[in-house]
Amino acid sequence: VTIRGVAGATIIDGGGTQERGILLDGADYIIVENFEIRNVKQEGVKVGKRADGDAASNDTVRNCKIHDVGLDASVAALEIGPSASNITVDACVIDGDVYGIRASGAASTPVTGLTLTNNFVYSASQYALHLKECDVAQVVHNSFTGQSVRDGGEGTTPTEFTNNIFANFSSGSTAWSFWATANNVYPNSNYNVFFTGKADKKAIKWKNEPQRTLAEWQTLSGK
């Protein structure tokens, strides 16, 4: 099933009273594209589980603009919940007041088969990207700008980060652009750019040890 708007013209405006823009809990094989979503109390898009435990799978969110969401809660602009599988987010522009994109599984219910491509995520006060307990995740050709980009808690297969820009212009104490806090499987990184706007801050925090240079990171990561 494809739910398609007209790019630049189809707007879901919650008026500050609607809970969410689009809810895909338990939905399978749904494509949502060409929507602007704004002024909702919680997530702009939520992909997760129904009350009976049935989780979403094989869904795609494409070419959407999500902003001014989470008016009443500290949530993600786009949330992917436990046990969701084979979810793709492509070519979206996301302004997350707290989190931009968050995929948050658990040890027994990881998010699996996540693909994030060609997205621009900015102005997130907490994390532009937060991945926790994600298996077989591909993060390719995205730009994440805002507070710390964090890959916290892997599943059993490392996340692949390729051709992304991670930039943090904050002058605060957590100004690193990429923070890997997993304590079992650490992500793979190839052809990415890491930038921090604070001169005395290292751009990457890996195994809770800040790293300034590629050589330092390679030594610690063993990659």
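Biologist: What is the order of the strands in the open sheet of 8 strands?

Modeller: The order is β1-β4-β7-β10-β14-β18-β21-β24, with parallel pairing. The model is predicted: local features need pLDDT of at least 70, side-chain atom pairs count only at pLDDT 80 or more, and totals for chains, interfaces and linings use all residues. Residues are numbered from 1 along each chain as its sequence is written, and side-chain values use heavy atoms, without hydrogens or water.

Biologist: What makes β1 and β24 edge strands?

Modeller: Two strands pair if DSSP finds at least two bridges between them. β1 (2–4) and β24 (188–190) each have a single partner strand, so one side of each has no neighbour in the sheet. On average, neighbouring strands here are turned by 5 degrees against each other, direction ignored. The axes behind that angle are lines fitted to C-alpha atoms, for helices over the stretch in contact, and angles run from 0 to 180 degrees between N-to-C directions.

Biologist: How do you know that β7 and β10 pair?

Modeller: They share 3 bridges, in the parallel sense, and the rule asks for at least two, so they pair. Strand β7 covers residues 60–62 and β10 covers 88–90.

Biologist: How many helices and strands does the protein have?

Modeller: It has 1 helix and 27 strands. Both are DSSP runs, numbered from the N terminus: helices are H or I with at least four residues, strands are E with at least two.

Biologist: Why is Cys92 called buried?

Modeller: Buried means under 20% relative accessible area, exposed means over 50%, and partly exposed lies in between (1.4 Å probe, protein chains only). Cys92 has 1%, so Cys92 is buried. Cys134 also counts as buried, at 1% relative accessibility. Of the 223 residues of the protein, 52% count as buried.

Biologist: What makes Tyr29 and Tyr191 exposed?

Modeller: Tyr29 has 57% relative accessibility, so Tyr29 counts as exposed. Tyr191 has 70%, so Tyr191 counts as exposed. Tyr29 lies in the loop between β3 (22–23) and β4 (31–33), and its phi is near 55 degrees, a positive value in a residue other than glycine. Tyr191 sits in the loop between β24 and β25 (193–196), with phi near 60 degrees.

Biologist: How do you know that Cys92 is in no disulfide?

Modeller: A disulfide is a pair of cysteine sulfur atoms within 2.5 Å. The nearest cysteine sulfur to that of Cys92 belongs to Cys64 and is 4.9 Å away. By this rule the count is 0 disulfides.

Biologist: Which residues have the most contacts inside the largest nonpolar core?

Modeller: They are Leu78, Ile80 and Leu114, in a core of 45 residues. A nonpolar core is a set of buried Ala, Val, Leu, Ile, Met, Phe, Trp, Tyr and Cys residues joined through side-chain atoms within 4.5 Å. Strands that each supply at least two residues of this core include β9 (76–80), β12 (99–104) and β16 (127–132). Apart from it lies another core, of 6 residues, among them Tyr99, Tyr127, Trp176 and Trp179.

Biologist: What makes β12 mostly covered?

Modeller: Of its 6 residues, 5 are buried. β12 runs parallel to β9, joined by 4 bridges, and parallel to β16, joined by 5 bridges. Tyr99 stands opposite Ala76, and its bridge partner in β16 is Tyr127.
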